[in-house]
Amino acid sequence: MNKQVVTRFAPSPTGFLHIGGARTALFNWLFARHHGGKFLLRVEDTDRARSTKEAVDAIFDGLEWLGLGGDEPAVFQFERTPRHAEIADKLLAAGYAYRCYATPEELAELREQQRAAKQPMRYDGRWRDRSPEEAPEGAPFVIRIKAPRDGETVIEDAVQGRVVVQNAELDDMILLRSDGTPTYMLAVVVDDRDMGVTHVIRGDDHLNNAFRQLSIIRAMAEIEEGWAEPVYAHIPLIHGSDGAKLSKRHGALGVDAYRDDMGMLPEAVLNYLLRLGWGHGDEEIIPIERAIELFDIAGVGRSPSRFDIKKLENLNGHYMREADDVRLAALVAPRVEKRLDVVMSDTNISVLTQAMASLKPRAKNLDEIAEGAEFLFKNRPLDFDEKALALLDHSARALLRKAADALQPVQSWTVEAIEDAIRHVAEDAGLGLGKVAQPLRAALTGRTVSPGIFDVLFLLGKEESLKRLNDVGHASIG
């Protein structure tokens with residue numbers, strides 16, 4: 001590639017950054033990085049009724065979390081309305097577009113006739129070759145492109161391959177509405193050209209648009225220089241695990257939901273999105289630097305990919321095990337605060353950081369770590385769930401008193417010293433270690449699931465551990 005690669009991600013700010021949009025952004029970002037090019041952002045906010053600042057903020061927030069920021073300040077399409085109108089006027093002046101004075105009533109009647117005749121519903125070009133002088137004075141008009149009528153338009157799509165449309169199927173689409181505002185089709189083409197976009201990588205639901213947009217590009221190329229056709233790469237959409245169109249029940253949520261509600265790490269989401277429709281051999285774990293090295297459009301398949309939340313959770317588990325404990329603790333601390341209604345002091349966060357090695361191996365998301373960490377920050381007396389209570393019978397409480405007595409003289413509170421003391425308790429009682437660990441866990445955490453019992457004792461510290469054991473060992477509960 002001789003010319004610098006320029007890609008763009010152009011969301012409409014009518015809602016959150018959904019998972020399909022995030023994948024499109026990722027593919028554009030990776031392609032630009034792989035080829036040493038630029039990745040740009042454009043907010044397609046021409047639909048003023050539906051575009052909101054909250055949606056813009058949510059989209060930028062999601063992109064920032066994923067690390068997919070643009071290389072230049074974002075372009076806002078609505079601000080460029082005069083430029084779009086300028087191009088429509090140039091096409092009109094050069095004879096590649098025309099004024100159409102058809103009224104809404106006429107067009108409604110046309111559609112009704114076509115529907116009755118089971119014909120494709122498209123504009124019939126009734127003002128294409130008529131003089132504007134035939135229109136009533138002061139009548140409103142739109143500006144339409146003169147689409148080619150003969151032959152065919154061919155796109156050599158980088159993903160879909162050779163795609164052909166007969167020009168007879170293309171209608172003279174509107175470029176400027178009667179109020180002078182540009183249509184989406186015109187604005188996209190003008191913005192791509194002015195931003196220097198060389199590769200348009202987007203969902204294959206836009207493939208039909210490409211043929212119509214090409215008619216504008218090719219007409220403008222006849223008028224002035226600098227109107228090159230981009231390379232198109234239309235990537236298949238994401239389906240649910242059942243093969244149906246992706247919806248909320250499959251996981252088609254905003255990126256913010258994966259972060260806030262599901263407790264995912266951005267590197268896990270990126271890795272998962274990368275593997276949705278793109279692959280490199282059997283590699284599953286592909287960190288972002290490796291992805292930049294490997295990614296190219298040639299690796300994108302033509303078939304829709306299937307969203308599998310279990311695979312995402314497994315990937316997230318992997319990346320949490322690899323993650324820095326200080327970083328994880330900072331992410332988990334607010335979740336613990338919310339669950340327990342406590343304030344996580346610096347001391348508590350230090351304890352949480354120390355606990356990460358025990359908490360993260362079995363967890364698949366940040367909430368599972370937070371749940372596993374709850375026992376560290378609960379106030380005495382603990383609340384016990386039903387299963388834990390069932391373990392704390394009379395004989396178990398006697399065993400807990402013996403464990404407390406054995407732990408009292410331990411001077412160096414290390415995992416090794418704790419284990420040695422508890423093993424002696426088990427041996428003296430003629431029990432397997434598990435039979436001692438079960439009531440210990442219940443008494444120390446209020447639950448039957450926790451990190452290893454020696455880790456639990458170590459992380460709680462000697463003083464808190466003995467208090468919790470004595471609370472249960474010397475009390476009647478249940």
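Leaving aside neighbours within four places in sequence, with which residues is Thr46 in contact? The partners are Gln77 and Phe78, where contact means heavy atoms within 4.5 Å. The model is predicted: local features need pLDDT of at least 70, side-chain atom pairs count only at pLDDT 80 or more, and totals for chains, interfaces and linings use all residues. Residues are numbered from 1 along each chain as its sequence is written, and side-chain values use heavy atoms, with hydrogens and water left out.

Thr46 lies in the loop between strand S2 (38-43) and helix H2 (53-66). Helices (H or I, at least four residues) and strands (E, at least two) are DSSP runs, numbered from the N terminus. Thr46 and Phe78 are 32 residues apart in sequence, yet their C-alpha atoms are 4.9 Å apart in space. Thr46 has a relative accessible area of 25% and is therefore partly exposed. On this scale, buried means under 20% relative accessible area, exposed over 50%, and partly exposed in between (1.4 Å probe, protein chains only).

Strand S2 belongs to an open sheet of 3 strands, in the order S1-S2-S3, with parallel pairing. Strands S1 (6-9) and S3 (75-76) stand at the edges with a single partner strand each, so one side of each has no neighbour in the sheet. S1 and S2 run parallel and are joined by 4 bridges; two strands pair if DSSP finds at least two bridges between them. Thr7 has Phe39 of S2 as its bridge partner. Helix H1 (residues 19-34) packs on this sheet and touches S1 and S2. The direction of H1 makes about 165° with that of S1. Helix H2 lies across S1, S2 and S3, running at about 160° to S2. Axes are lines fitted to C-alpha atoms, for helices over the stretch in contact, and angles run from 0 to 180 degrees between N-to-C directions.

A further parallel pair is formed by S9 and strand S10 (residues 231-235), over 5 bridges. Arg202 stands opposite His234 in S10. In strand S9 (residues 199-203), 5 of the 5 residues are buried, so the strand is largely enclosed by the rest of the structure.

Helix packing was examined next. Helices H11 (residues 325-340) and H12 (residues 346-359) pack at about 120°, with axes 8 Å apart. H11 and H12 are therefore oblique to each other. Angles under 35 degrees count as roughly parallel, over 145 as roughly antiparallel, 65 to 115 as roughly perpendicular and the rest as oblique. The contact includes Leu328 and Val332 of H11, and Leu352 and Met356 of H12. By class, this contact of H11 with H12 has 9 nonpolar, 1 polar and 1 charged residues. Ala, Val, Leu, Ile, Met, Phe, Trp, Tyr, Cys and Pro count as nonpolar, Asp, Glu, Lys and Arg as charged, and the others, Gly among them, as polar.

H12 also packs with helix H13 (residues 366-377); their axes come within 10 Å and cross at roughly 125°. H12 is therefore oblique to H13. Among the residues that meet are Leu352 and Met356 in H12, and Ile369 and Phe377 in H13. The contact of H12 with H13 divides into 9 nonpolar, 2 polar and no charged residues.

Helices H15 (residues 394-407) and H17 (residues 433-445) pack at about 90°, with axes 10 Å apart. H15 is therefore roughly perpendicular to H17. Leu399 and Leu400 of H15 are among the contact residues, as are Val436 and Leu440 of H17. The contact of H15 with H17 has 8 nonpolar, no polar and 1 charged residues.
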